[in-house]
Amino acid sequence: MFYKWLKWCVLCILAGLSSISTADIDPNYKVILLTENFPPYNMSVNDKNFARDNNIDGISADIVREMFKRAGIRYSLTLRFPWDRIFNLTREKSNYGLFSTVRNADREKMFKWVGPIAQFDSVFLAKDSSSIVITTLEDAKKYRVGGYEGDATANFLQKRGFELILSLKDNQNAKKLDQGKIDLWATGDPPGRYLAQQEGIRNLKKVYTFNTSDLYLALNPEVPDEVTKKLQSALEEMRKEGFIEETINSYL
């Protein structure tokens, strides 16, 4: 009887060890992270459209770095342009990740998700001198509205019948608004106002908020589930400790 019990214990231990080993992540596994200039969430320290690792900062960048550090997962970080390119690369490459990304119904099955890591409002900005008043989303359709090509905010409006004047860089919309080439700028808040300030433009006001979005880290579907779980667990730990709130407050 004792030997049967001992044999059963040994088998249980071996089974447990086996399950642990299958859940372990290869220590050489590495996630290739991509991001863009989307201040204050992710941005290059020298305002260029290409940067690597320590030359990238921002709310989301700091949070994602800490997540990977706590999860013990290797990564590299590159900021590139344009958004469409890095979005498609992440969909195609098995060990790629992308942030800061809006999670919506259209994108849900394209990626595995970790987050939310931040939040922003989708708004219409106008010049301070503008007399435009908007009470519904439909009101904005009679104006010239600028948007950022491939951006979730632009996609949201296009699906609702908006014919946007698109730019490859969102800061170009700040200039267009200031120069009177568009009447409204569809952008995120605070990112839009931050970008405008970088261009020396401060005479803008928010005239309407039409959506609130959470921002995530999007991972290629072939990234192992254990990687996603460890990153999500690390993020929740950081949130409980107040790390997320402290990071946001350090930039805003």
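Q: Which residues does Leu217 touch, leaving aside those up to four places away in sequence?
A: In this predicted model, Leu217 touches Leu33, Met67, Phe68, Gly97, Leu98, Phe99, Lys112, Trp113, Val114, Ile117 and Leu231. Contact here requires heavy atoms within 4.5 Å, so each of these residues meets that limit with Leu217.

Q: What makes the set around Met67, Leu217 and Leu231 a nonpolar core?
A: A nonpolar core is made of buried residues of the nonpolar kinds joined through side-chain atoms within 4.5 Å. The largest such core has 33 residues, and Met67, Leu217 and Leu231 touch the most other members. Two or more residues each come from strands S1 (30-35), S5 (74-79), S6 (96-102), S7 (112-127) and S11 (204-219), and from helices H2 (59-71) and H7 (225-241). H2 gives the largest share, seven residues.

Q: Why is H2 described as largely enclosed by the rest of the structure?
A: Buried means under 20% relative accessible area. Ten of the 13 residues of H2 are buried, so the helix is largely enclosed. The buried residues are Ile59, Ser60, Ala61, Ile63, Val64, Arg65, Glu66, Met67, Phe68 and Ala71.

Q: How do you know that the span of H2 agrees with its number of residues?
A: At 1.5 Å a residue, the 13 residues should span 18 Å. The end C-alpha atoms of H2 are 19 Å apart, which agrees with that expectation.

Q: Why are S1 and S5 called paired strands?
A: Pairing requires at least two bridges, and six join S1 to S5, so the two strands count as paired. They run parallel. Leu34 has Thr78 in S5 as its bridge partner.

Q: What makes S3 a partner of S5?
A: Two bridges join S3 (residues 51-52) to S5, and at least two are needed, so this pair also qualifies. S3 and S5 run antiparallel, and Ala51 stands opposite Leu79 in S5.

Q: How many cavities of 30 Å³ or more does the structure hold, and which residues line the largest cavity?
A: The structure holds two cavities of 30 Å³ or more. About 90 Å³ of space lies in the largest cavity. Its lining consists of Glu36, Phe38, Trp83, Ser100, Thr101, Val102, Arg107, Phe120, Asp151, Ala152 and Leu215. S6 provides the largest share of this lining, three residues.

Terms used
Residues numbered from 1 in each chain as written. Predicted model: local features only at pLDDT ≥ 70, side-chain atom pairs only at ≥ 80, totals over all residues. Heavy atoms only, no water. Buried < 20%, exposed > 50% of the residue type's maximum accessible area, 1.4 Å probe, protein only. Helix = DSSP H or I, 4+ residues; strand = E, 2+ residues; numbered from the N terminus. Expected span 1.5 Å × (residues − 1). 1 Å grid on protein atoms, 1.4 Å probe; cavity = no way out; pocket = protein on both sides within 12 Å on 5 of 7 lines; lining within 4 Å. Points joined across faces, edges and corners; volume = space filled by probe spheres on them.
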